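Hi,

Here is the structure I said I would pass on. Have a look at it first, then read on below.

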Amino acid sequence: QVQLVESGGGLVQAGGSLRLSCAASGTIFSINVMGWYRQAPGKQRELVAVIFSGGSTSAADSVKGRFTISRDNAKNTVYLRMNSLKPEDTAVYYCNAVLRTKNSSYDHRYWGQGTQVTVSS
């Protein structure tokens, strides 16, 4: 059984910063990819940023230069540092991990419960 637990969301003014954290726990053998997605009201869930086990990253154009994704492999934790926040960044942010458990031969995708980020203008 695997759990992804997010923290760090909240209300911030435009131009402000937040840092999201997501810790994966359970019978984890290895984690391939960790990342963040977001879903605004009335919109589809979209990729924000991902980080691979080797440290390479990819981010949506809308957040490049403002958001930074990082991970601590020893803690099975991924972070999203969000700077220069804009009202259009308001959404529920979901942690995502593609990982293999100790009793599996395949990677599976897991989701966190989501954390609300609200940016006021």
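What follows is a run through the whole protein and then two of its residues.

A word on the ground rules: this is a predicted model, where local features need pLDDT of at least 70 and side-chain atom pairs count only at pLDDT 80 or more, while totals for chains, interfaces and linings use all residues. Residues are numbered from 1 along each chain as its sequence is written, and side-chain values use heavy atoms, with hydrogens and water left out.

Overall picture first. The protein has 11 strands and zero helices (both are DSSP runs numbered from the N terminus: H or I of at least four residues for helices, E of at least two for strands). The C-alpha trace spans about 50 × 25 × 20 Å along its principal axes. The radius of gyration is 14 Å, which agrees with the value near 14 Å for a compact globule of 121 residues (taken over C-alpha atoms; the globule rule is 2.2 Å times the number of residues to the power 0.38).

Of the 121 residues, 42% are buried (under 20% relative accessible area, with exposed being over 50% and partly exposed in between; 1.4 Å probe, protein chains only). Taking contacts (heavy atoms within 4.5 Å) between residues at least 6 apart in sequence, 56% join residues at least 24 apart.

Now for isoleucine 51, which sits in strand β5, residues 46-52. Its relative accessible area is 5%, so isoleucine 51 counts as buried. Leaving aside neighbours within four places in sequence, isoleucine 51 is in contact with Asn32, Val33, Met34, Ser56, Thr57, Ile69, Ser70, Arg71 and Val78. As for methionine 34, it is 17 residues away from isoleucine 51 in sequence, yet their C-alpha atoms are 5.5 Å apart in space.

The other one is threonine 115, in strand β11, residues 115-120. Threonine 115 is buried because its relative accessibility is 11%. A polar atom of its side chain lies 3.4 Å from the backbone nitrogen of glycine 9. Again leaving aside neighbours within four places in sequence, the contacts of threonine 115 are Glu6, Gly9, Leu20, Ala91, Val92 and Tyr93.

Cheers

Methods. A polar contact is a pair of N or O atoms within 3.5 Å; within protein, one must be able to donate a hydrogen and the other to accept it, and residues adjacent in sequence count only if both atoms are side-chain atoms.
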